[in-house]
Amino acid sequence: MFPSQFDYHRPSSVAEAIQFLQNDPDAKILAGGHSLIPAMKLRLAVPSALVDLSQVDGLRGIAVNGDIRIGAMTTYAQLRDSDALKAAMPLLSEVANNVGDPQVQSRGTLGGSLAHADPAADFTAVVLALGGSVKAVGTGGEREISADDLFVDLFTTSLNPDEVITEVTIPNPAARTGMAYQKRGHPASGYAVVGVAVSVTVGDDGNVSDARIAVTGCTPKATRATAAEQALVGKPLNEASIDAAAKAAPEGLDINGDHYASAEYRAHLVEVDTRRALEAAAKAL
Amino acid sequence: MVASAPEKLVGKPIKRREDPRLITGAGVFIDDVRLPGLAHMAVLRSPYAHARIVSINADAARAMPGVLGVFTGEDIKHINPLPCAWQAPGVENKVNTPRLLALDEVHQVGDPVAVVVTESPYQAKDALAAIEVDYEELPAVVGARKATTPGAPQLHENAPSNIVFRWSCGQDADQVDAALAASEVQVRERIGNQQLIPTAIEPRGSIGRYDPGTGEYTLWATSQAPHVHRLLTAAFVLGVPEQKIRVIAPDVGGGFGSKIYLYFDMPLVLWLSEQLGGRPVKFFEDRSENFLHTSHGRGHDSDVAIGATKDGKITALRVDTFANLGGYLSTIAPGTPSTLYGRMVAGCYKIPNIHVGITGVYTNTAMVDAYRGAGRTEASYMIERVVDLVANATGVDPAEVRRLNFVQPEDFPFDNGLGGLPYDSGDYEKALNRALEMVGYEDLRREQAERRENGDRKMLGIGLSSFVEACGLGPSQYMGREGWAAGLWESANVRIHLTGKVVVTTGSLPHGQGHETTFSQLVADELGVPFEDIQVKHSDTQGTPFGYGSYGSRSLAVGGTAIYKSVAKVREKAMQLAAHLLEAAPEDIVYENGGAYVKGSPESGKTIQELAGAAHVGYDLPAGMEPTLEATTFYDPPSFTFPFGTHICVVEVDRDTGDTEVKRYVAVDDVGNVVNPLIVDGQLHGGITQGLGQALYEGVVYAEKGEMLTGSLNDYAIVRASMAPMFELENTVTPTSVNPLGARGVGEAGAIASTPAVANAVIDAVSHLGIRNMDMPLTPERVWRSMAANT
Ligand SMILES: Cc1cc2nc3c(=O)[nH]c(=O)nc-3n(C[C@H](O)[C@H](O)[C@H](O)COP(=O)(O)OP(=O)(O)OC[C@H]3O[C@@H](n4cnc5c(N)ncnc54)[C@H](O)[C@@H]3O)c2cc1C
């Protein structure tokens, strides 16, 4: 690999990292490097400097007391292998196990995935469906950004250039919540051709009280399938409501296609995978 | 004293002796070759598929740090273009081969336009960005059929309608048309065979070093054929005397055909080294460059007309194929669709009326040349689709259609009517029956019917592929008639040193196949010496006899036979020496268990090590005998060998999404005698996987203007281990009489058999919906669309 020339910094604190970013607007954070380095190899990314977060204290780890809090530099492998997480919210471990391949899982980080906002990433949709948020720290201080506000467009987030994601929070799900992620990987890249993440809560009256459905792989950014959500809320979670939600899922989504899978086919997959994800979520209730 | 029988190694699943080195990082691949003063070459490539080069301004690049030189086509226009060494036989070929760097015009995206040579590889990439090229874009054409239509953009002046050649074999088209018209059942179809990227795990590279003292050039290259590369570089491109060039192929990480050819960089790094006064110059392509510019494979688009009886007997077949050859002719491009495809379209069947017509075509894509299974994969895909189309049209079971039309054991040697060499021997039905039994064919058909009855969303498909291929390339006289511009024999030298250790040098060479193991097994058994005492040396034109290299499943059948014959000569000489030393008549000497002795008295015999020592020192030799035990053989095979077998693939296709899941893969192969079953299985695993990749995943996609849309491994899917099915392999053994080893060859068999097996399975799964053909790769969307169009 022969990227263009860059400087390399390895801060030991978030504050120091922010300082480097502030001093050099063309500097970029380096987390797992599994999105950034390939782009540098092709010279699609030409950062003037890399600010490597690997030695920054306190950015790794998983806490599962009520809300789940995950350090931004936690790798997919750590999510995949964490017994605590498997007990508290097994879906997150399963999704991690589905990202790329073992090499990617060993390097890639949750924070990196969300910050990169790849339109075909997995955790973007999953965190969105689970109502998660990120903690961003920058020169302006610290703020919490909900996933609903984080993803702006293709590879674009609402983070400021000098902001670092330090932590990801997944709220403690309400009682009787079923969640699932249905992914169809591209045979070459492994990225989602279509991915549908769902989280459905059934209230005391037996009807769906809350539904969050997020789609990835076919839209410019991870996006809520609001028509599908609306088709569920207030209805019992059964074959009929799932079918109605599945049929409604592509509505209002900006679905893109390419030579491998057209927009029309992906829209069809959004329907099929929404159905399959909801069926799995209903079983997991 | 001659000891008791050593353990026989031929036929044993011995682990490959080269693997510990290769898998622990101790191998030396081109990127591991470190030479003092190494300079780096990087290539500026055309972003257009077809354009005129108006001007190139490299002044800024020349001024950059570390830049030793920038060169364009203009600077080297005195150097010849690359040669085309295999034209379609008996017809005119409109030959256009690439220059080392494009002059005036480019014909594909990725065409080399200029090179920079720098101190470091980083500087090389930096400098490329500073070269300005002014192009005048010209209309481009993608798609072989389209390129021949009136008004299509023209690539080369000498090739009207972009046609390189028109070639045919078999009976007259008119005669076959008449037979088709008279057939009870007639089927017409258009059958594609998409363009593929060979995707060797190691891309290509080369290092050139000129020695100003001796005037000699050394080329290290990722090569499947170093002697041929020397010959072509010397005689056709640089005009340097052949003896002044040495070519070394270090460890080579796969090739699948793509490293047979002579590429621009090979002569260029030699010439550049000379310009730099002898500094070695290195080129190593990255994956994107490999995808764009290293030769591709396949790329056929065919019209097929089939005639059959109502009960499934094929009466006539006419195939007209457009074969894309890319923007220029690669080294042996025209030979693949003619000799290796056209003449094998009949497959394992007796077809009384058959005609195959090929149109070789220039289009604005990467060059297309032989790729694993070359031609025979396209042929077996064609004929195995044809057989299934007959089954579909007649309602006769696909297995039965095969049986009905098979060449029978008593028909050999069999002439398939397409002008090629006769098939040597085989028992096609035996392999088919065994495969059907292994897979449990009747039960599967029952289950399929039940699922269809129940409207199951997981549809079951069973795909058969009975294949025969021609390999062990090849008899020189025949190849000469077929337009191949050289011989195709193979060489081996076997010598036993004073210490009794054996060195084998061969013109054959590995790029992953395990030659060192197989060849050592052969020599160990034939000489009766320990496996560890044998060293197989290869891949360097200095120190090996001339050889044609590795491709066409020829290494064991041709190269192995050369070794076998050299060992026999050495043994013969050893026996003569033993007769002399033991004061016996030569006809009373037997050679056995690693030594020679007078019949009945092994205890007073001489071991081969003793004989080698005696032969080497030469104190006491029979009159006229030269010292040392050493022999060389140049083995020219009398014919091709014809491996065969039946593969069966079982798939589930999802009615809702078009997804295919391979549930089982059963294969019965007949590769003749097996030297190492572990290596044979490995070749089959790899080949089957690669062919499965073509059926389900692989395929180059070019945009209308010739930009490649599948330019990286992010877009172009090859099968990874986790995507491969479990293989259930068995073999029948019908030794070939073509060579004394009885070995048919196995390097390509898997890739030849599996593509139609998998494709037939997927199409079978949806055939009840009225679908009888689909284009590969059978992506979920393709299958889904076909289902949607048929319901
Ligand atoms: C072969 C392969 C297959 C893959 N398959 C999949 C897949 O199936 N599904 C999937 O979702 N992904 C896949 N990926 C991408 C992988 O998940 C990446 O690791 C991930 O997208 C980015 O995480 P990272 O830690 O590697 O980030 P990096 O590559 O280091 O950084 C990515 C971007 O995010 C920024 N960034 C990183 N961390 C932070 C932070 N804490 N705060 C602010 N900005 C930050 C960086 O500056 C950079 O711009 C694949 C990657 C490869 C190479």
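I begin with a convention: axes are lines fitted to C-alpha atoms, for helices over the stretch in contact, and angles run from 0 to 180 degrees between N-to-C directions. I also note at the start that this is a predicted model.

Entry: a helix pair in chain A.
I looked up helix H11 (residues 239-248) of chain A and helix H12 (residues 263-283) of chain A, and found that their axes come within 8 Å and cross at roughly 145°. The crossing of H11(A) and H12(A) is right-handed. From H11(A), the contact is made by Ile242(A), Asp243(A), Ala245(A), Ala246(A) and Lys247(A). H12(A) contributes Glu271(A), Thr274(A), Arg275(A), Leu278(A), Glu279(A) and Ala282(A). Sorted by class, the contact of H11(A) with H12(A) has five nonpolar, one polar and five charged residues.

I then asked which residue of chain A meets Asp243(A) in a salt bridge. The partner is Arg275(A), with 2.7 Å from N to O. This pair links distant parts of the chain, since Asp243(A) is in helix H11 of chain A and Arg275(A) is in helix H12 of chain A, 32 residues apart. Over all chains, a search of the whole structure finds 70 salt bridges.

Entry: the interface of the two chains.
How many residues of chain B are in contact with chain A? I recorded 25 residues of chain B, in contact with 22 residues of chain A. Between them the two chains bury about 1900 Å², and 53% of that area is on carbon and sulfur atoms. The rule finds five salt bridges across the interface of chain B and chain A. I also noted a salt bridge of Asp659(B) with Arg184(A), in which the closest N and O atoms are 2.2 Å apart.

Entry: H15 and H16 of chain B.
Helix H15 (residues 515-527) of chain B packs with helix H16 (residues 555-581) of chain B at an angle of about 30°, and their axes are 10 Å apart. Angles under 35 degrees count as roughly parallel, and H15(B) and H16(B) are therefore roughly parallel to each other. The two helices cross in a right-handed sense. On the side of H15(B), I listed contact residues including His515(B), Phe519(B), Leu522(B) and Glu526(B). On the side of H16(B), Gly559(B), Gly560(B), Ile563(B) and Arg571(B) are among them. The contact of H15(B) with H16(B) has nine nonpolar, five polar and two charged residues.

Entry: H10 and H19 of chain B.
I looked up a further pair in chain B, helix H10 (residues 376-394) and H19(B), which pack at about 30° with their axes 8 Å apart. That angle makes H10(B) roughly parallel to H19(B). The crossing of H10(B) and H19(B) is right-handed. Contact residues of H10(B) include Arg376(B), Tyr381(B), Glu384(B) and Asp388(B), and those of H19(B) include Ala751(B), Ile752(B), Pro756(B) and Ile763(B).

Entry: backbone details in loops of chain B.
The peptide bond from Phe412(B) to Pro413(B) is cis, with omega near -5°. Pro413(B) is placed in the loop between helix H11 (398-405) and helix H12 (428-439) of chain B. Met776(B) and Pro777(B) are joined by a cis peptide bond, with omega about -5°. I found Pro777(B) in the loop between helix H19 (749-765) and helix H20 (780-789) of chain B. Asp104(B) has a positive phi of about 70°, although it is not a glycine. The loop that holds Asp104(B) runs between strand E3 (67-72) and strand E4 (105-106) of chain B.

Terms used. Residues numbered from 1 in each chain as written. Chains lettered and ligands numbered in written order. Predicted model: local features only at pLDDT ≥ 70, side-chain atom pairs only at ≥ 80, totals over all residues. Heavy atoms only, no water. Helix = DSSP H or I, 4+ residues; strand = E, 2+ residues; numbered from the N terminus. Parallel < 35°, antiparallel > 145°, perpendicular 65-115°, else oblique. Left-handed = near helix turned anticlockwise from the far one by under 90°. Contact = heavy atoms within 4.5 Å. Nonpolar A, V, L, I, M, F, W, Y, C, P; charged D, E, K, R; others polar. Buried area = accessible area lost by both parts, 1.4 Å probe. Salt bridge = Lys/Arg side-chain N within 4 Å of Asp/Glu carboxyl O.
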